[in-house]
Amino acid sequence: MHDAPLDLCGLTAAQLADAARERLPVGHGVARKIYKQVMHSGSFEPEALGLRQTSVEAWRAAFRLQLPRVVRTLSEAAETGMTAKAVLATHDGLEYECVLLPMGRGRQTLCVSSQVGCKMGCQFCETGRMGLLRSLSAAEIVAELLVARYVLGWEFRNVVFMGMGEALDNADALVQVLHVITDPVGLGMSQERITVCTVGRIDGIERLRTLGMKRLNLSISLNAANDTLRSELMPVNRKLPLAQLQAALMRYRPRANFVLGVNYCLLPGKNDTQQHAREVAEFCRPIGRVMVNVIPYNPGSLPITRAATEDEIETFIGWLRDEGLPVRRRITKGQSVMAACGQLGNVELRRKRSLTQSI
Ligand code: SF4
């Protein structure tokens, strides 16, 4: 006898087949069809598969599809397309967010949350100020993709775990999500279209390394390459300093042509001198191929500095290139809808904060 229904979107096709065999006296033969229905249309309607009423009832008692409620959506036109943010509500009433980012040439990336809030406390980040309310389950994270695709009608090719929360602080769920969304019977995303972003949870990087997903992308949020400044900006650095992070990244080379993403939020007056650029290069050199993404800071509701000017951004990028680093400037998208990097989370969510822990 099983009590709570199992969340369908937290499972791979094989896991659903096993669970159906275990939980259902009859009707488990349609598990693969049910799985396709869920993942290809975002709905769970066993009656549509011509099952007997008893089987339909058994399926409904043993399994459920719980998609988050869309609380509101906001969008903003940019040169490269439309940036959109959706505020979603979990079944227990907590709000979290996902964002559709235009990447140019009609391609779009979905930025998903892995937690409601975050306990990492990065100084420049709105979400960090909320503290952690709770981690999302694998099913809740996959449900973000289903809602985005089938409820909101967003078309995205890539997924990046860079929304609210530190994905590797919720590593069990993240690993399960990676298995689910790459399952060819379901969403069938290819690994190269998925990027995990981390502040530098070394245990999590190690876990990804042993996962054997060789084409998965990884990016780190660096923001400073000397321990004093990084510890000030990102408390995680006090326990996991740069030398340890660098060593973990040197071990993490899943394939010969792997390029590590290095995200650098440019904070005028804090991390934008030529010396800072040199330190970034020194940090990156032993790691192998990297791509530095310079992200101009978006002052949020409690800014720690101002936005950089065009000149400052170009000068800093020039210094990085002089050091031999490949650099991309991330266009700041969605500022007016608070959908830009470090801007997920809001005052109302912060009020609901119930738990802030340090790691
Ligand atoms: S930048 Fe990422 S890890 Fe840091 S507080 Fe914000 S959400 Fe958390």
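Reader: What percentage of the 359 residues of the protein chain count as buried?

Author: In this predicted model, 44% of the 359 residues count as buried. A residue is buried if 20 or more other C-beta atoms lie within 10 Å of its own.

Reader: How compact is the protein chain for its length?

Author: Begin with the secondary structure, which comes to 13 helices and 14 strands. The radius of gyration is 21 Å, close to the 21 Å from the globule rule for 359 residues, so the chain is as compact as a globular protein of that length. Along its principal axes, the C-alpha trace spans about 70 × 40 × 40 Å.

Reader: Where is the pLDDT below 50?

Author: Where pLDDT is low, predicted coordinates should not be read in detail. Here the mean pLDDT of the protein chain is 91, with 91% of residues at 70 or more. The pLDDT falls below 50 over residues 350–359, a stretch that has 23 contacts in the model beyond near neighbours in sequence.

Reader: Into which domains is the protein chain divided?

Author: The division gives domain 1 (6–64) and domain 2 (69–351). Their centres, taken over C-alpha atoms, are 34 Å apart. Domain 1 brings 12 residues to the contact and domain 2 brings 16. On the domain 1 side, helix α2 (residues 31–41) gives the most, with five residues. By class, that side has five nonpolar, four polar and three charged residues.

Reader: Which residues are closest to the ligand?

Author: Cys118, Met120, Cys122, Cys125 and Gly128 are the closest of the 13 residues that surround the ligand. By class, this shell has six nonpolar, six polar and one charged residues.

Notes
Residues are numbered from 1 along each chain as its sequence is written. This is a predicted model: local features need pLDDT of at least 70, side-chain atom pairs count only at pLDDT 80 or more; totals for chains, interfaces and linings use all residues. A residue is near a molecule or strand if its C-beta atom, placed from the backbone, lies within 6 Å of it. Ala, Val, Leu, Ile, Met, Phe, Trp, Tyr, Cys and Pro count as nonpolar, Asp, Glu, Lys and Arg as charged, and the others, Gly among them, as polar. Domain bounds come from an automatic or database domain assignment. Two residues are in contact if their C-beta atoms, placed from the backbone, lie within 7 Å. Helices (H or I, at least four residues) and strands (E, at least two) are DSSP runs, numbered from the N terminus. pLDDT is the predictor's confidence in each residue, from 0 to 100. The radius of gyration is taken over C-alpha atoms; the globule rule is 2.2 Å times the number of residues to the power 0.38. A residue is buried if 20 or more other C-beta atoms lie within 10 Å of its own, exposed if 12 or fewer, and partly exposed in between; C-beta atoms are placed from the backbone.
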